Amino acid sequence: MRRRKRTMRHFIHHPIEVPILITPEGSNDGDRASLCNIGDGGLACRLPHELPPGAPVTLSFPSLNQECSLMGRVVKCNRFAKGFGVSILFKDAAETFKSKMVEQVCQIEHYRRKLLEEGRILDREAAAHEWIELYSNHFSETLSQ
């Protein structure tokens with residue numbers, strides 16, 4: 001009996017305090033995603049509503065206070081006890097690259113807010129410099145494997 005070799009998946013847990021809104025094409029209303037993992041080429045998350053496979057979607061990040069969105073399409077949607085598990089593939093290589101930059105900004109914002117809770121106040125630029133020094137190698141390695 002032959003066993004299939006398992007491939008290790010590499011992903012980053014998206015910080016919950018930087019919400020992602022997922023909006024189907026042609027809609028003005030997005031759903032807030034939860035339990036998000038971002039990997040090379042796509043995103044897996046939970047949504048309160050079903051999205052059909054093949055549906056084009058826009059991912060936006062309203063708490064970043066900047067116009068930033070990613071384009072993708074739903075590749076899988078499974079019903080769970082509470083909501084739906086949705087897998088989204090980024091539209092193309094350019095969107096995949098952009099997703100890494102956006103996720104890095106989200107991770108830096110998470111780091112800045114964590115420091116604020118500990119009593120350290122850093123502006124976004126100082127937090128970015130510090131985060132890059134501490135975590136950028138791990139981040140880059142994880143999303144490039």
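**A walk through the predicted chain**

Cys68 counts as buried because its relative accessibility is 18%, where buried means under 20% relative accessible area, exposed over 50% and partly exposed in between, with a 1.4 Å probe and protein chains only. The model is predicted, so local features need pLDDT of at least 70, side-chain atom pairs count only at pLDDT 80 or more, and totals for chains, interfaces and linings use all residues. Residues are numbered from 1 along each chain as its sequence is written, and side-chain values use heavy atoms, with hydrogens and water left out.

Start with the whole chain. It has 2 helices and 8 strands. These are DSSP runs, numbered from the N terminus: helices are H or I of at least four residues, strands are E of at least two. Along the sequence the pattern reads β-β-β-β-β-β-β-β-α-α. Of the 145 residues, 39% are buried. The accessible surface comes to about 9800 Å², and 52% of this belongs to carbon and sulfur atoms. Such areas come from the Shrake-Rupley method with a 1.4 Å probe; for residues, only the protein chains shown count as cover. Take the contacts between residues at least 6 apart in sequence: 53% join residues at least 24 apart. A contact means heavy atoms within 4.5 Å.

Now follow strand β2, residues 21–24. Two strands pair if DSSP finds at least two bridges between them. β2 runs antiparallel to β3 (residues 31–32), joined by 2 bridges. Ile22 stands opposite Asp31 of β3. The two strands form a hairpin with 6 residues between them. Gly26, in the turn, has a positive phi of about 85°. β2 also pairs with β6 (residues 56–60), again in the antiparallel sense, over 4 bridges. There, Pro24 stands opposite Val57. In a regular strand, side chains alternate between the two faces of the sheet.

Next, helix α1, which spans residues 93–117 and holds Thr96. Thr96 counts as buried because its relative accessibility is 13%. Which residues does Thr96 touch, not counting those up to four places away in sequence? They are Asp40, Gly41 and Phe90.

Finally, the cysteines. A disulfide is a pair of cysteine sulfur atoms within 2.5 Å. By this rule the count is 0. Cys36 is in no disulfide; its nearest cysteine sulfur belongs to Cys45, 4.7 Å away. Cys68 is in no disulfide either, and its nearest cysteine sulfur, that of Cys106, is 7.4 Å away. Cys36 counts as buried because its relative accessibility is 6%.
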